[in-house]
Amino acid sequence: MSGTKLFTNKLFTEKLITEKTDMNRYIILTLVILITACSTENDNTQGSLQPTSITGTAISAQDNKPRFALVIGNGNYQNVPSLLHPINDANDIATALNNLGFDVTLKLNANYKTLKNAARHFGQRLQNGGIGLFYFSGYSLQIDNRNYLLPLQADIKTDMDIEFESLDTRFVLRQMQENNSEGANLIILEASRDNPYNNINNLKKGLAEMNSQGFLIAYPVAPNTVSSENNETLNSLYTKHLLTALREKAFMGVFDIFAEMTKQVKTETNGAQVPWHSDLLTQRFCFGKCGESLAAVSQQLPENESTADVSPGEEAVSPLDTSPIATPTALKDDLVRFALVIGNGDYQNAPLANPVNDAKDMAKALKDLGFEVTLVLNANKRTLKKAVRDFGQSLANSNIGLFYYSGHNLPFNNRNYLLPLQADIKNESDIEFEGLEADYILQQMEKNPHYGGNIVILDACRGNLKNGVAEMNNPPGFLIAYANAPGSACDGKSNEHNSIYTKHLLTALREKAFLNAIDLLTDVTRLVELETNGARVPWHSDTLAQPVCFGVCSEPQPKKPNVSALLRECKRHFGANRLTSGKGGTALSCYQEVLEKDPVNAKALAGLRKIEARYVTWAKSALDKGQLDKAKRYLASLRQVNPNSQKLAEFEARLDPSSQPSTVTFQQVQPPGNTFASSKLFRDNLLDGSLGPEMVRIPAGRFRMGDIQGTGNGDEQPVRWVSVKGFAMGHYEITFAEYDHFAKATGRYKKPKNEDSGQVKPKDEDSSQAKPKVEDSSQAKPKVEDTGRYPDDEGWGRANRPVINVSWEDATAYTQWLSQQTGRHYRLPTEAEWEYTARAGTTTEYWWGNEIGSKRANCAGSGSQWSDEKTAPVGSFAPNPFGVYDTTGNVWEWLCSAYESQYRGAEQRCAAQNDTRIRSLRGGSWLFHPKLCRTTLRNASRLDKTYNNVGFRVVIADK
């Protein structure tokens with residue numbers, strides 16, 4: 001590695017030590033891990049600004065653990081028909097998992113010995129815990145409710161041969177379970193194919209159902225059914241959708257992934273194929289990096305939209321609380337939710353303390369979440385059955401149906417019977433007639449026409465004839481949850497108001513109802529297991545075809561306000577020519593008020609365009625008639641309505657040609673793709689007759705600041721509306737040529753000849769860390785006598801490359817010199833100004849979209865000739881819609897705002913000159929992964945530090 005690319009730990013150590021805020025624990029943990037992993041130099045060594053985590057989200061407990069995958073594809077069978085898809089499926093899955101950080105073992109066309117040895121070796125690799133994923137595509141044989149993976153040369157004549165000629169999936173499960181009992185295990189079997197041995201009568205269709213604690217097991221179609229085959233496609237249908245999810249949505253929870261895949265496959269096959277999965281995971285998991293970030297919470301809360309413009313020098317105080325406590329009652333959506341809640345506790349022979357309390361509290365919690373709740377307490381069989389029948393009928397108009405039962409349950413013949421209060425049971429044969437069969441509940445709930453949002457929760461694992469609750473077969477579209485694993489009893493006693501399970505479920509409903517229901521129940525499972533020291537492990541199984549939440553899954557769409565009366569008032573102002581001035585209100589302020597309440601109101605936007613068009617007409621008429629004073633007034637009003645109006649520059653030139661900025665005397669060949677209007681560009685004259693940096697006029701506006709995508713870090717929150725006044729931003733990052741001019745004029749950086757120049761030195765004599773060679777004479781370093789005067793260019797060249805190795809103090813000194821030279825107020829941008837400019841009206845991760853693409857910017861791995869090597873000449877890539885270059889990558893840019901761990905207003909103003917807090921940095925650099933060059937990503941450093949991937953640009957914000 002080049003000495004210019006050495007990672008140091010000083011930046012983020014300073015950031016943690018200097019910033020005395022209540023930074024979220026998971027953010028600190030992430031940074032500490034990175035500090036430990038990346039440290040190569042001491043604090044006195046200059047280097048590159050270091051990358052942070054590339055995930056963009058908070059790190060979950062699993063994200064730092066090892067990930068192993070065994071991927072097998074068997075297609076070229078010898079004794080049965082060959083298969084087209086498995087080899088392609090396995091190759092593509094292996095590649096996708098490898099890209100997500102899995103250590104992948106790939107086996108193709110394996111015989112029995114290879115299969116078994118691979119499974120055994122895979123288990124051994126999992127001994128240190130973490131994530132284990134087994135994927136198989138090929139034939140599987142089901143016999144005696146067991147699944148056997150078919151090797152290539154299997155010689156099977158009778159059903160007795162199957163056990164010896166093929167690999168029992170229980171062997172794979174046992175290897176993973178015994179070696180990785182504390183981790184997360186996934187088994188994906190793309191093997192629900194037609195039986196290739198028609199002569200063996202005992203073989204069943206498809207795959208037998210499998211489940212095990214700590215596992216997620218997934219099939220392309222429900223157990224005992226066969227998936228469809230399309231030999232015209234590269235991948236099987238199921239794996240095609242799995243690959244898309246791994247490539248595009250690996251940050252999502254695994255339950256969300258499989259729920260979406262189920263929906264997609266079902267839709268593509270018109271319901272003929274419905275994938276299945278069973279999960280007994282005790283922790284949330286993602287294929288990529290995931291975690292419960294503050295973004296997930298803040299998106300569910302009412303957005304704090306400021307109705308007043310906030311200038312860069314003012315602080316916007318946000319009352320938004322981003323702690324992970326949801327407020328379900330404040331959330332609304334269009335889903336219709338019905339719940340039947342039953343609590344039976346006053347049994348004569350075996351009373352229970354908790355069920356009535358549990359049912360009452362559950363009913364209240366669900367009602368707060370928008371459910372229409374029916375509560376039934378201490379019911380007999382007739383009351384139970386009628387309540388369930390009525391509940392089923394109500395679901396005809398429902399999106400989500402939820403059944404909750406707390407009380408005694410009696411399993412009989414692998415079926416569950418809920419126990420009414422006056423049940424008269426003398427022997428087992430009475431159970432069927434005295435209890436209410438749980439399958440009856442499922443049958444009634446299947447009347448839900450949406451067929452994808454049914455939840456059944458049984459807190460009924462009390463000691464009985466056969467311990468616990470029998471496992472139930474899920475119809476499509478159900479999530480079934482038990483307070484303990486099937487066949488395991490609870491003692492039925494609790495010294496608390498609620499049972500252990502319902503206590504944690506209630507807490508989750510109050511605080512985390514925005515989570516996917518499976519994620520929420522997984523959290524409940526973990527908490528119950530911890531409280532009982534592993535004696536009780538709740539269970540759930542699902543066949544949901546779409547993500548389901550108890551509350552609102554995604555950011556609620558606010559109901560549009562009624563602005564009809566206000567629009568009529570605006571129209572009256574416009575008709576009376578009260579456009580920007582007048583007693584009793586103006587059309588401009590009126591339409592702006594509408595847009596504050598409804599930012600995309602078409603009539604208000606059209607009204608502003610009409611006002612602009614009227615001033616354009618009046619200004620042109622005044623200029624044509626030589627009425628200059630009147631034209632000036634109209635232009636001032638036009639600028640107030642739309643400072644970005646295309647006619648402004650034209651009319652100003654006609655009004656006073658001598659007042660035009662010196663752009664007319666500045667000639668520069670613009671890089672390809674620069675379609676930005678040249679009238680918005682200008683350069684100020686300096687006292688020595690030269691020109692200052694090229695500037696772009698940025699119009700006033702209002703935008704959503706922060707992590708809109710919900711994939712970023714906690715310090716990118718809260719997302720809220722921010723207004724900025726008009727200003728001018730540097731067309732490019734400040735170049736070496738521009739900075740050297742300042743250094744020469746002021747004597748800054750002048751040192752004794754023998755003083756060290758402060759360059760990054762190669763470490764020892766390791767040739768792998770040697771500096772890049774000088775490419776040509778145009779990029780040669782200054783002569784020896786000058787090396788102490790100017791910032792080091794690392795041998796990459798100066799001229800039009802962005803200046804680097806300058807501190808915040810250096811950058812600020814440059815802006816002060818520019819201000820003195822021009823009479824304008826030059827300074828560094830605020831964070832709000834920078835993000836507003838970088839976004840340029842967009843809401844994606846980069847101004848052009850959510851993917852970095854190729855050769856769009858200078859970031860590590862972005863495909864340019866400079867990526868991961870050095871800086872690029874400014875303007876080497878296309879500008880954003882505002883006409884500003886290099887807002888993504890190249891060099892981090894110093895800002896004038898003090899860094900705070902969450903947005904509290906400092907991002908909208910410049911810190912005082914004597915404020916010693918760390919300053920914000922934005923934009924990423926040539927050394928950083930594209931995910932760390934996102935528009936909203938934040939960084940910071942001390943005022944006196946310099947790095948070879950940090951520079952700056954300037955703004956003009958006249959007071």
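Q: Which residue of strand 8 does Ile 187 stand opposite?
A: Strands of a sheet pair through backbone hydrogen bonds, either parallel or antiparallel. In this predicted model, Ile 187 stands opposite Ile 217 of strand 8. The two strands concerned, strand 7 and strand 8 (residues 215–219), pair in the parallel sense over 4 bridges.

Q: In which sense does strand 7 pair with strand 3, and over how many bridges?
A: Strand 3 (residues 131–137) and strand 7 are parallel, with 7 bridges between them. Within this pairing, Tyr 135 is found opposite Ile 188 of strand 7.

Q: How many residues of strand 7 are buried?
A: In a regular strand the side chains alternate between the two faces of the sheet. In strand 7 (residues 184–190), 7 of the 7 residues are buried, so the strand is largely enclosed by the rest of the structure. One face carries Ala 184, Leu 186, Ile 188 and Glu 190, the other Asn 185, Ile 187 and Leu 189, and all of these are buried.

Q: In which sense do strand 4 and strand 5 pair, parallel or antiparallel?
A: Strand 4 (residues 140–143) and strand 5 (residues 146–149) pair in the antiparallel sense, and 4 bridges join them. Leu 141 has Tyr 148 of strand 5 as its bridge partner. The hairpin has 2 residues between its strands, and Asp 144 takes a positive phi near 55 degrees there. Strand 5 also runs antiparallel to strand 6 (residues 167–168), to which 2 bridges join it; here Leu 149 stands opposite Leu 167.

Q: What is the strand order of the open sheet of 4 strands?
A: The order is 27-26-25-28, and the pairing is mixed. Strand 27 and strand 28 (950–951) stand at the edges with a single partner strand each, so one side of each has no neighbour in the sheet. Strand 26 and strand 27 are antiparallel to each other over 4 bridges, and Leu 921 has Asn 939 of strand 27 as its bridge partner.

Q: How many aromatic pairs does a search of the whole structure find?
A: The search finds 22 aromatic pairs. One of them joins Trp 618 and Tyr 634, which are tilted, with 5.6 Å centre to centre and 45 degrees between the planes. Trp 618 belongs to helix 18 (residues 602–624) and Tyr 634 to helix 19 (residues 628–641), so the pair ties together parts that are 16 residues apart in sequence. Trp 618 counts as partly exposed because its relative accessibility is 28%.

Q: What is the geometry of the pair formed by Trp 892 and Phe 928?
A: This pair is edge-to-face, with 80 degrees between the planes and 5.2 Å centre to centre. Trp 892 lies in strand 25 (residues 892–898), while Phe 928 lies in the loop between strand 26 (919–922) and strand 27 (938–941), so the contact ties together parts that are 36 residues apart in sequence. Trp 892 is buried, at a relative accessible area of 0%, and Phe 928 is buried with a value of 0%.

Q: Which rings are linked into a cluster?
A: Ring pairs link Tyr 739, Phe 742, Tyr 814, Trp 817 and Phe 952.

Q: Over which rings do the charged ends of Lys 385 and Arg 919 sit?
A: The charged end of Lys 385 sits over the ring of Tyr 440, 5.2 Å from its centre. That of Arg 919 sits over the ring of Trp 808, at 4.5 Å from the ring centre.

Q: Which residues have the most contacts inside the largest nonpolar core?
A: They are Phe 287, Phe 403, Leu 458 and Phe 550, in a core of 104 residues. Residues that Phe 287 touches include Leu 97, Phe 102, Leu 186 and Phe 258. Apart from this core lies another of 45 residues, among them Phe 742, Val 803, Ile 852 and Tyr 947.

Q: What percentage of the chain counts as buried?
A: Of its 959 residues, 57% count as buried. The chain has 23 helices and 29 strands. Its accessible surface comes to about 40300 Å², 48% of which belongs to carbon and sulfur atoms.

How values were computed:
Residues are numbered from 1 along each chain as its sequence is written. This is a predicted model: local features need pLDDT of at least 70, side-chain atom pairs count only at pLDDT 80 or more; totals for chains, interfaces and linings use all residues. Side-chain values use heavy atoms; hydrogens and water are left out. Rings of Phe, Tyr and Trp (its six-membered ring) pair if their centres lie within 6.5 Å; planes under 30 degrees apart count as stacked, over 60 as edge-to-face and the rest as tilted. Buried means under 20% relative accessible area, exposed over 50%, partly exposed in between (1.4 Å probe, protein chains only). A charge sits over a ring if NZ of Lys or CZ of Arg is within 6 Å of the ring centre and within 35 degrees of the ring normal. Accessible areas come from the Shrake-Rupley method with a 1.4 Å probe; for residues, only the protein chains shown count as cover. A nonpolar core is a set of buried Ala, Val, Leu, Ile, Met, Phe, Trp, Tyr and Cys residues joined through side-chain atoms within 4.5 Å. Contact means heavy atoms within 4.5 Å. Two strands pair if DSSP finds at least two bridges between them. Lists of a residue's contacts leave out its neighbours within four places in sequence.
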